[in-house]
Amino acid sequence: MTPLEMSNQTFVTEFIFLGFSNHSDLQGLFFLVFLVIYLTTLLGNMLIIMATRVSPALHTPMYFFLSNLSFLDICYTSTTIPVLLVNFFREKKTISYEGCLSQIFFFVTSAGTEGVLLAAMAYDRSVAICRPLQYPVLMRVKVCVGLVTGSWLCGLVNSVTHTVLATTLTLCGPHQISHFLCDIPLLLKLSCSDTSVNESVLHVASATIGLSPCLFTAGSYTLIIAAILRIPSAQGRRKAFSTCASHLTVVVLFYGTANFNYDRPREGHSLDTDILVSVLFCVVTPMLNPIIYSLRNKEVQSALRKLAGRQIA
């Protein structure tokens, strides 16, 4: 760090978000849009959780994982959207230093856990289709609980590591974040100290928490597709594929938007483009997950109808 940077260093108390600053005349419209998305996300995922709890037909490993995915999506959006909604009414869109670190912790925890959990769900589907006779043993309750617990531990360890390293950064200059949320790469851009350790850990985490579950999921679906193609009847193939179609759609949506959000070149893109990509990953995907499972799954639809009937009665 140069003497000039040392002189510019100040104790950080807050950050200023620049996201949506290019459209000050549309703040009211943005507020309504994100409020509707947030409420839809909360309602859809809470209905999935309630349906899997009250319907005996959904007391299976697949729906146990689904209820945990829905809980994760609620945590995911609740980490970022409430702060965004409040800032739409502020001329100066800020977040405290502690609030930024907290947002990073919960955001990274949710994203990392979801990636590993989706891999666990892919394993569940591969066992169900490739080894159906052994499914009750291989996917017994202890195994399912262990997979979910392991997913959370992976997300928490990854998040704690990044958050602790973030507290060691020396931040200089204007504390402005060109986004609507706090994230590790964005915070590294504001640092005038050595970030090599942070970047190395980020690369390792991308390989272990990001790439590895993605490759495992791809391998699981390779086995699934091969098993489905060996089924002699067309009706049998359709029935087998329907059991994993919703999960496959969610996987493609999650990893597709995550890859576009984190692995694309940062140079040459406008602020609006960066915001749009992050909105797809952080906001739209958690809203679509319960819709995808509800539209393509008759058991979930039946449970939701029974739940609605019980509430009306």
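Student: Before we start, what does "partly exposed" mean here?
Tutor: Buried means under 20% relative accessible area, and exposed means over 50%. Partly exposed is in between. Keep in mind that this is a predicted model.

Student: OK. So where does Glu14 fall, buried, partly exposed or exposed?
Tutor: Glu14 has 30% relative accessibility, so it counts as partly exposed.

Student: What does Glu14 form with Lys92?
Tutor: A salt bridge. The closest N and O atoms are 3.3 Å apart. The pair links distant parts of the chain, 78 residues apart. Glu14 is in strand β1, residues 14-17. Lys92 is in the loop between α3 (61-87) and β2 (94-96).

Student: And how accessible is Lys92?
Tutor: Its relative accessibility is 48%, so Lys92 is partly exposed too.

Student: How many salt bridges does the structure hold?
Tutor: Two. Arg125 and Asp124 form a salt bridge as well, at 2.9 Å from N to O.

Student: Is that pair buried or exposed?
Tutor: Buried, both Arg125 and Asp124.

Student: Back to β1. Which way do its side chains point?
Tutor: They alternate. Phe15 and Phe17 point to one face and are buried.

Student: Why would side chains alternate?
Tutor: Because in a regular strand the side chains alternate between the two faces of the sheet.

Student: Which sense do β1 and β2 pair in, parallel or antiparallel?
Tutor: Antiparallel, over three bridges. Ile16 stands opposite Thr94 in β2.

Student: And what about β1 and β3?
Tutor: Those two run parallel, joined by two bridges. β3 covers residues 176-177. There, Ile177 is the bridge partner of Phe17.

Student: New topic: pockets. What volume does the second largest pocket have?
Tutor: About 460 Å³.

Student: How many residues line the second largest pocket?
Tutor: 14. Met62, Tyr63, Thr243, Asn297 and Glu299 lie nearest its centre.

Student: Which elements give two or more residues to that lining?
Tutor: α3, α9 (234-262) and α11 (298-312).

Student: Which one gives the most?
Tutor: α9, with four residues.

Student: How does the lining of the second largest pocket divide into nonpolar, polar and charged?
Tutor: Five residues are nonpolar, four are polar and five are charged.

Key. Residues are numbered from 1 along each chain as its sequence is written. This is a predicted model: local features need pLDDT of at least 70, side-chain atom pairs count only at pLDDT 80 or more; totals for chains, interfaces and linings use all residues. Side-chain values use heavy atoms; hydrogens and water are left out. A salt bridge is a side-chain nitrogen of Lys or Arg within 4 Å of a carboxyl oxygen of Asp or Glu. Buried means under 20% relative accessible area, exposed over 50%, partly exposed in between (1.4 Å probe, protein chains only). Two strands pair if DSSP finds at least two bridges between them. On a 1 Å grid over the protein atoms alone, a cavity is a set of points where a 1.4 Å probe fits but cannot get out, and a pocket is an open set with protein on both sides within 12 Å along at least five of seven lines; lining residues have an atom within 4 Å of a point. Grid points are joined across faces, edges and corners, and a volume is the space filled by probe spheres set on the points. Ala, Val, Leu, Ile, Met, Phe, Trp, Tyr, Cys and Pro count as nonpolar, Asp, Glu, Lys and Arg as charged, and the others, Gly among them, as polar.
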